[in-house]
Amino acid sequence: MRLTPELTIFGIFLILAAVAIGTLVAIACVAHGPAIEQAAIQNQGYRLRRIWFRGLAIVAVVGFLFSLPAFPYRSRSQLASSQHYPVTALQFAFVMPAMLPINTPIVLDVTATDVNHGVGIYDPDGRIVAQVQAMPGYTNSLQLMLKKPGQYVVLCLEYCGIAHHLMRAGFEVR
Ligand SMILES: [Cu+2]
């Protein structure tokens with residue numbers, strides 16, 4: 001059996017679950033004695049809750065401030081200067097460019113002519129890099145920066161009719 005990332009994560013989950021269950025069983029084994037009145041531990045519980053809440057709030061605010069510069073969406077002016085490419089989904093094909101530039105901020109303007117479709121973009125290694133819905137009467141603007149050269153695959157990710165499974169397109173990135 002090949003060790004896939006999914007199996008690795010499952011293995012880590014099993015180990016952590018075993019540790020958590022073991023800890024609870026150990027606590028249950030050593031913690032006996034008369035029950036404590038709730039009022040006696042209530043204030044301590046509230047105090048712990050306050051500390052926990054304030055700690056989480058600080059972590060959230062600091063994390064937000066530090067991650068803000070990496071915000072993945074472009075500003076209005078950056079969007080205007082990005083290269084736009086039309087993508088149209090229909091039963092049962094995609095109409096789109098055969099080639100897209102590498103390491104360039106691009107925008108795919110995605111729409112559909114008949115029913116809802118999904119546009120899933122897979123890089124040359126078969127990993128999904130972006131997905132967006134294609135809807136009739138509406139244009140979704142998908143911001144992208146393709147960093148790997150090679151042949152990309154586009155698959156429909158939303159069941160759209162009898163030949164949905166045949167909806168497959170591709171483009172080259174270089
Ligand atoms: Cu489909």
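Q: What is the order of the strands in the open sheet of 4 strands?

A: In this predicted model, the order is S2-S1-S4-S7, and the pairing is mixed.

Q: Which strands are the edge strands of this sheet?

A: The edge strands are S2 (93-95) and S7 (140-144), each of which pairs on one side only. Neighbouring strands of the sheet are turned against each other by 25° on average, with direction ignored.

Q: Why are S1 and S2 said to pair?

A: Two strands pair if at least two bridges are found between them. Among the partners, Ala-89 is bridged to Phe-94 in S2, and Thr-88 is bridged to Val-95 in S2. A hairpin of 2 residues joins S1 to S2.

Q: Why are S1 and S4 said to pair, and in which sense?

A: The cut-off is at least two bridges. S1 and strand S4 (residues 106-112) have 7 bridges in the parallel sense, so they count as a pair. Within this pairing, Val-87 stands opposite Val-110 in S4.

Q: What is the order of the strands in the open sheet of 5 strands?

A: The order is S3-S9-S8-S5-S6, with mixed pairing. Strand S3 (99-100) and strand S6 (128-134) are the edge strands, since each pairs on one side only.

Q: Why are S8 and S9 said to pair?

A: Pairing needs at least two bridges. One of the partners is Gly-170 in S9, which is bridged to Val-153.

Q: How does the span of helix H2 compare with the span expected at 1.5 Å a residue?

A: Helix H2 (residues 38-67) has 30 residues and reaches 42 Å from its first C-alpha to its last. The expected value is 44 Å, and the span of H2 is close to that value.

Q: Why is H2 said to lie largely in the open?

A: A residue counts as buried if 20 or more other C-beta atoms lie within 10 Å of its own. Of the 30 residues of H2, the number buried is 0, so the helix lies largely in the open.

Q: Which domains does the domain assignment give, and what separation do their centres have?

A: The assignment gives domain 1 (5-70) and domain 2 (76-173). Taken over C-alpha atoms, the centres of domain 1 and domain 2 are separated by 42 Å.

Notes: Residues numbered from 1 in each chain as written. Predicted model: local features only at pLDDT ≥ 70, side-chain atom pairs only at ≥ 80, totals over all residues. Axes fitted to C-alpha atoms, helices over the stretch in contact; angles between N-to-C directions. Expected span 1.5 Å × (residues − 1). Buried ≥ 20, exposed ≤ 12 C-beta atoms within 10 Å, placed from the backbone. Domains from an automatic or database assignment.
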